[in-house]
Amino acid sequence: MNLRGTVRADRPLVVLAVGEEASYLPPELPVLLTGMGKVNAASAVAAVLAAGPRPALLLNLGTAGALRPGWAGIHEIATVLQHDLDTDLLRSLTGETYGAPLSLATQGAVLATGDTFVADDAARDRLAQRADLVDMEGYAVAWAAAQAGVPCRLVKQVSDEAGEGAARTWRESVDACARDLAEWAGRHFG
């Protein structure tokens with residue numbers, strides 16, 4: 001976890017997984033780098049929110065894999081779900097719901113979050129039945145924000161097609177994605 005800048009109640013806190021995604025963000029925005037994966041993201045966000053002050057908004061920016069052909073650019077997330085947690089099975093075992101999808105906006109994409117970098121066609125095709133994009137932190141950030149009562153937005157830039165070769169494509173595209181995300185953040189929060 002790495003927090004740069006000062007969290008203020010009148011500004012958003014920008015949350016990203018890794019420094020490569022944050023390279024070009026406006027310096028006036030506080031940035032929390034959580035590390036990759038749901039545990040890192042949830043624990044980093046929870047720690048910062050517990051320490052206070054709480055930001056006006058948690059803004060999770062980052063890269064995501066497209067689960068369908070033709071998806072490119074920046075997308076705001078309407079619904080985020082965990083693709084690696086069997087919510088239905090857990091409900092049948094315990095009668096409780098764990099990890100239900102979270103609604104964040106009335107319009108936008110569906111994001112599937114899990115602790116796997118999706119880089120094979122079969123996994124991508126299975127996920128495409130439930131979501132438009134895939135990442136590794138979005139659900140955890142949104143969940144931690146909801147637990148603390150802090151508004152949250154997820155905005156994702158497509159970096160790859162979540163299939164064979166996705167890791168290579170992510171490495172090749174992350175710098176351009178970071179520029180696009182910074183431009184978007186500057187327009188909306190600069």
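This is a predicted model: local features need pLDDT of at least 70, side-chain atom pairs count only at pLDDT 80 or more; totals for chains, interfaces and linings use all residues.
How many residues does α2 have, and what distance does α2 reach from its first C-alpha to its last? Good morning, colleagues. α2 has 14 residues and reaches 20 Å from its first C-alpha to its last, close to the 20 Å expected at 1.5 Å a residue.

Consider next how α2 is oriented. Its buried residues are Lys38, Ala41, Ala42, Ala44, Val45, Val48 and Leu49. Viewed down the axis of α2, these buried residues fall within an arc of 170°, and therefore they line one face of the helix. The face turned away from that buried side carries Val39, Ala50 and Ala51, which are exposed. Following α2 comes glycine 52, with a positive phi near 65°.

I turn now to the nonpolar cores. The largest of them contains 30 residues, and Val45, Leu58, Val80 and Leu133 touch the most other members. At least two residues of this core are supplied by each of β2 (12-16), α2 (38-51), β4 (57-66), β5 (74-82), β7 (109-113), α5 (138-148) and β9 (152-160). The largest share, 7 residues, comes from α5. Apart from this core lies another, of 16 residues, including Val14, Leu33, Val155 and Trp184.

Threonine 113 is found in strand β7. Is threonine 113 buried or exposed? Its relative accessibility is 0%, so threonine 113 counts as buried. With neighbours within four places in sequence again set aside, the contacts of threonine 113 include Lys38, Val80, Asp84, Asp135, Glu137 and Tyr139. Of these, Lys38 brings us back to α2, where Lys38 is among the buried residues.

Finally, I come to the aromatic rings. The structure holds 1 aromatic pair, formed by tryptophan 184 and phenylalanine 189. The pair is tilted, with 6.1 Å centre to centre and 55° between the planes. Tryptophan 184, a member of the core of 16 residues, is buried with a relative accessible area of 8%. Phenylalanine 189 also counts as buried, at 15% relative accessibility. A further ring, that of tyrosine 24, has the charged end of arginine 179 sitting over it, 4.1 Å from the ring centre.

Thank you for your attention.

How values were computed. Residues are numbered from 1 along each chain as its sequence is written. Side-chain values use heavy atoms; hydrogens and water are left out. A nonpolar core is a set of buried Ala, Val, Leu, Ile, Met, Phe, Trp, Tyr and Cys residues joined through side-chain atoms within 4.5 Å. Buried means under 20% relative accessible area, exposed over 50%, partly exposed in between (1.4 Å probe, protein chains only). Helices (H or I, at least four residues) and strands (E, at least two) are DSSP runs, numbered from the N terminus. The expected span of a helix is 1.5 Å times one less than its number of residues. The arc is that of the directions from the helix axis to the C-beta atoms. Rings of Phe, Tyr and Trp (its six-membered ring) pair if their centres lie within 6.5 Å; planes under 30 degrees apart count as stacked, over 60 as edge-to-face and the rest as tilted. A charge sits over a ring if NZ of Lys or CZ of Arg is within 6 Å of the ring centre and within 35 degrees of the ring normal. Contact means heavy atoms within 4.5 Å.
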